[in-house]
Amino acid sequence: MSVQAPPTSITTRIVRVQAFQILLVLIAIWVVFAILEGDRFATVGNMRLVAQNAAILAILGVGMTFVIITAGIDLSIGSVMVFSGVIGAKVMVAQGGDGWGTAWLGIAASVAAGLAWGLVNGVLVAKAKIPPLIVTLGTLGMALGLAQIITKGVDIREVPLVMQSKIGYGNAFGDVPMLAGIALVFLVVGGVVLHLTRFGRHTYAIGSNEEAARRVGLKVDRHLIAVYAISGGLAGVAGILSLAQFATTAIAGQSQTNLNVIAAVVIGGTSLFGGVGTIFGTVVGLFIPAVLQNGFIIVGIQPFWQQVAVGAVLIVAVYVDQLRRAAAQRGGRTNVLSRLRGRESTSNEE
Amino acid sequence: MKRTSRGLAAAAAVALAVGSLAACGSSDGGGGGSDSKKIAFIQGVSGDEFYITMQCGIEAEAKKLGAKVTTQGPEKFDPTQQKPIVDSVVASRPDAILVAPTDVSAMQAPLKAASDAGIKVVLVDTTVNDPSFAVSQISSDNEGGGAAAFEAIKELAPDGGKVLVVSTDPGVSTVDARAKGFKDAAAKDSSFQFLGVQYSHNEPTQAAKIVTAALQKDPDIVGIFATNVFSAEGSATGIRQAGKQGKVNVVGFDAGPAQVKQLRDGTVQALIAQQPDVIGSDGVQQAIAALDGKSTKKTIQTGSTIITKDNVDGDAKDAVYQSSC
């Protein structure tokens, strides 16, 4: 981007972000279902449930967005989530009781367990220089295995009643599901940290060029450890929330959670090559599969089609990212859609 | 704002694609009279012969009674996958839901919510902690099935000996009951020694490991009761790995094509078949009765059939599960 480039207004900048284009896709999908089955699909009650079911994935998505912006990956989140839920449940069973005291102990234990796995991931990635794919593939197996060892593979179903009634199925500010409210808090905090703080800028810098970041004096190792710790800690939060929602540790579940979250992050415009991405995009990326599944079921289409549709969206999203990177390397600015139409875009097209 | 319009164009293209897909999906469901009842069937897992046979029973009975059926199911027998499906089905406001809950506690609240929304809920095959909201619960007499499995082993090994149960996960009401029925029946017969229940987590490889380890410890096991499809598959593999074919009798539960093949091959010596089609048709009857304001039966138990190599092509032919209707 040259210095002489005309100053872009905030609206044009928003429009150019992939997250915004993907938002249009989400809105389009929503409108189609609303037209087809408006009185069933486009209701407050239905949207509440969609938000509730996407909430836990959204919290995982915040951590994953940070990790992928550093050009890393965290495959372990589903297992860490199960492990943390198991630790939380064990602590609460040992403590006994159905009140908030027990619940807070469980929450603290679960988050601590997640954080611990995140630190392990971070140290192995940053200090031992093992590729994140391998590190988190290893901890994926280890966390799940240990969860099964601790429970002997038997799900724990004793969850304090307050957690189920107030968190799992409670409401925040009127009619918003509590889970969605909690997720919103994490999304806002995550967005502010990523986009408005030095920590966030360093995350982008490391993802863009780790060596350059190191040379200008960023503490890259420490930063990477912190980023993986955030992802692990958020998996801990997700673990205890899942416990509140399902009232079981669901050890056999979550086996595809990591891939679902990664897909959402990537659909939302975060580049697997690092340095690019938004929390907002991740949220939109999460809602596309969620709304597709919900809408397909309400309209009465085989749910298998949802996987086909999400897979296609994912591939298109990554292709768009590739085009943008190729254009950026040639020094031109990105105009992905005109590239798709086979035209070269230049920075002063408008 | 060229780029905005292009973005909108892309969005419109997606809208068109989703729309046309949705339109062809809903076309086969549309067109019925407004008073025909809508029944949604939510399977425990999609693509499983047990639930497909149940679906066949449901569809046949619904056709007879003039109701329309849509079927949905999660890819895995997993409450975290089934809950969003239940929520979406509830949002589509069917008149009744026939559902096989995947977890006794996780599915409690979502199904209670469905009932609170005025939908008649019939629990088929599995159940939840507090099923009082359901108009009816229909399942196999699983304890009876477990007892039948013991009878089958007794016939295969009349001299008695050690017997083992390979189950899936504790907390799944149906398989727990099968194991209990088997255990109680074994306890009544002093010539048999019950070695307990092992859990395979529904993984054939895990079941195989359990069985090879158990045969290391007790090489004189005469019978293994595998409480479901994958446990039976794995148990048979485990016996083959230990080189004990012909010495250990495996009695499987359910009679899908895979199990029937195992029976014909001789890896499994007997099968206990449930009657999923009957569960399905009874479920539809109860749902319709509830919608018509008639009285319903709170619990219904369906029977089971012992299938062996000798009767698989004869008397027990209809007990074998279907892979499509």
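## A helical span in chain A

Let's start with residues 100–120 of chain A: the stretch is 100% helix and 0% strand, and its end C-alpha atoms sit 30 Å apart. Helices here are DSSP runs of H or I with at least four residues, strands are E runs of at least two, and both are numbered from the N terminus. Residues 49–69 of chain A are likewise 100% helix and 0% strand, with 30 Å between the end C-alpha atoms.

This is a predicted model, where local features need pLDDT of at least 70 and side-chain atom pairs count only at pLDDT 80 or more, while totals for chains, interfaces and linings use all residues. Residues are numbered from 1 along each chain as its sequence is written, and chains are lettered from A and ligands numbered from 1 in the order in which they are written.

## Chain A overall

Chain A has 15 helices and two strands. Of its 350 residues, 54% count as buried, which takes 20 or more other C-beta atoms within 10 Å of a residue's own, with C-beta atoms placed from the backbone.

## Confidence

The predictor gives the complex an ipTM of 0.80 and a pTM of 0.80. As for pLDDT (the predictor's confidence in each residue, from 0 to 100), chain B has a mean of 87, and 89% of its residues reach 70 or more.

Over residues 24–34 of chain B, the pLDDT is below 50.

Note on methods. Contact = placed C-beta atoms within 7 Å. Buried ≥ 20, exposed ≤ 12 C-beta atoms within 10 Å, placed from the backbone.
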